[in-house]
Amino acid sequence: MWMDSRRPKATRRHVVRGFAAAAASFAFPCPSFAQSAARVIVIGGGFGGTSCARALRKIDSKLQVTLVEPNRIFTACPFSNEVIAGLRDISAQQFGYEKTAADGVTVIAQAAAKVDPQARTVGLADGTSLPYDRLVLAPGIDMRFDSLEGYDEATAEKMPHAWKAGAQTVLLRRQIEAMEDGGVVALAVPATPYRCPPAPYERASLIAHYLKTKKPRSKVLILDAKDTIPQQQLFEHAWKTFYPGIIERIALSQGGRLVSVDTSTGTLVTEFGNYNPQVANVIPPQKAGNIAKLAGAADNTGWCPIDPATFGSKLVPNIHVIGDAIIGGSVPKSASAAHAEGKVCAAMVASLIAGKPPASPTFEGICYNTVSPGYAFFMSGSYHPRDELFAEIVGSSFTSPLNGHGLDEVRKREADQAQSWFKTITVETFG
Ligand code: FAD
């Protein structure tokens with residue numbers, strides 16, 4: 001069912017590889033309401049929230065599941081770096097909620113404006129209030145516009161972050177397209193934690209590919225608030241092979257951390273010096289989507305601490321948090337993990353509602369990085385609760401080889417697998 005509560009009449013309109021069935025040792029509640037009447041609201045219709053809402057209905061079709069999401073069309077971040085590099089159209093990133101509604105989820109095309117955990121209600125942007133028995137927060141990220149001097153929402157229209165896909169992605173693409181040959185595209189990368197740690201370096205690679213082929217005198221400059229980066233050897237090897245002299249990275253210890261911006265002069269000020277690139281892609285520090293703070297589920301880090309055994313908020317009862325919004329261990333903020341968490345959390349919530357012990361969660365995340373068309377590498381790992389956090393299961397992590405025979409074929413195969421991964425996860429989530 002698709003619902004727009006502004007019009008009262010309803011109109012038609014990476015990867016769980018299984019979770020272990022070991023019973024959790026903690027006490028679990030008896031069903032406190034008739035199962036048929038249990039109401040679950042999910043806030044946020046991205047990879048985590050949509051997966052969770054649909055899985056809840058599949059597990060128990062009696063549950064009343066409502067998905068609150070302001071956008072009628074979701075625009076996915078994975079592969080959006082290809083849009084920026086001119087290799088893909090933004091429309092290939094966009095997905096609707098028709099299948100979610102067809103599964104019996106009530107989809108409300110509005111933003112959640114507040115949460116009252118005592119009354120167990122979600123207030124919508126139009127003033128309507130929805131009651132819940134359990135609430136799942138999956139709002140992704142928001143930018144910390146107060147953390148970088150000179151950088152705010154208006155500035156982001158001149159120096160796009162493109163860290164939420166959509167208009168920002170297209171804006172950055174247009175700026176790079178309009179840049180004259182010989183220009184510099186600068187990417188400012190924050191310290192962790194932030195959404196998808198390897199994605200800035202994939203982005204730098206694909207922009208370099210575009211410049212090499214269309215504007216060969218141009219350069220990519222990475223201003224980094226970190227010293228080490230994910231899959232560093234693989235990236236650096238690929239940059240030497242494909243983009244010698246095109247990509248330069250200034251690490252934290254070399255003064256690469258961005259401290260302020262001045263849009264009137266187009267200046268990026270780092271700890272080392274000032275830069276005036278032709279295009280500035282400023283990725284600011286981040287936090288859980290604002291609604292998490294309003295619900296009381298985010299702590300002073302800006303992220304949401306959870307009990308990994310249930311995804312339950314450590315700060316607010318009857319609220320679960322999934323996806324990029326959580327802190328709690330080594331799980332990377334990725335679509336793959338958010339999708340997996342959505343499914344696992346659905347099983348937890350359904351068990352708690354039914355008064356059964358939830359299974360102990362185990363899930364896998366995988367991340368591909370495409371550095372040139374037909375050339376990609378990956379990393380993956382599996383996670384489980386340990387010492388109140390999610391920890392990587394020892395021996396579960398895999399990464400593409402750095403050296404060896406037939407590497408070109410391996411990279412080509414991994415580039416093909418990346419395309420298949422995106423197709424699978426978007427079909428499973430939205431299709
Ligand atoms: P999202 O998918 O962002 O969904 C959050 C949703 O909540 C949004 O639809 C938003 O509109 C909604 N929302 C927010 N506030 C409210 C509110 N108040 N009321 C209602 N709804 C609200 N991950 C990978 O696994 N592989 C990749 O290759 C990959 N590549 C990436 C490349 C880039 C450039 C970037 C930026 C990210 C990439 N990611 C990748 C990371 C991935 O996009 C995120 O980790 C993933 O989207 C997180 O899912 P989520 O459900 O937590 O948040």
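**Helix packing and domain contact**

In this predicted model, helix H1, spanning residues 47-59, packs against helix H9, spanning residues 407-430, at an angle of about 50°, and the axes of the two helices lie 8 Å apart. On the H1 side, the contact is made by Phe47, Thr50, Ser51 and Arg54, which meet Ile425, Thr426, Val427, Glu428, Thr429 and Phe430 on the H9 side.

At the level of the whole chain, two domains are assigned, of which domain 1 is made up of residues 12-140 together with residues 289-430, while domain 2 covers residues 145-282. The contact between the domains draws 32 residues from domain 1 and 32 residues from domain 2, and the C-alpha centres of domain 1 and domain 2 are separated by 28 Å. About 2,800 Å² is buried between domain 1 and domain 2, with 67% of that area on carbon and sulfur atoms.

With regard to charged pairs, the count between domain 1 and domain 2 stands at 1 salt bridge. A salt bridge is formed by Asp324 with Arg195, in which the closest N and O atoms are 2.5 Å apart.

Methods: Residues numbered from 1 in each chain as written. Predicted model: local features only at pLDDT ≥ 70, side-chain atom pairs only at ≥ 80, totals over all residues. Heavy atoms only, no water. Axes fitted to C-alpha atoms, helices over the stretch in contact; angles between N-to-C directions. Helix = DSSP H or I, 4+ residues; strand = E, 2+ residues; numbered from the N terminus. Contact = heavy atoms within 4.5 Å. Domains from an automatic or database assignment. Buried area = accessible area lost by both parts, 1.4 Å probe. Salt bridge = Lys/Arg side-chain N within 4 Å of Asp/Glu carboxyl O.
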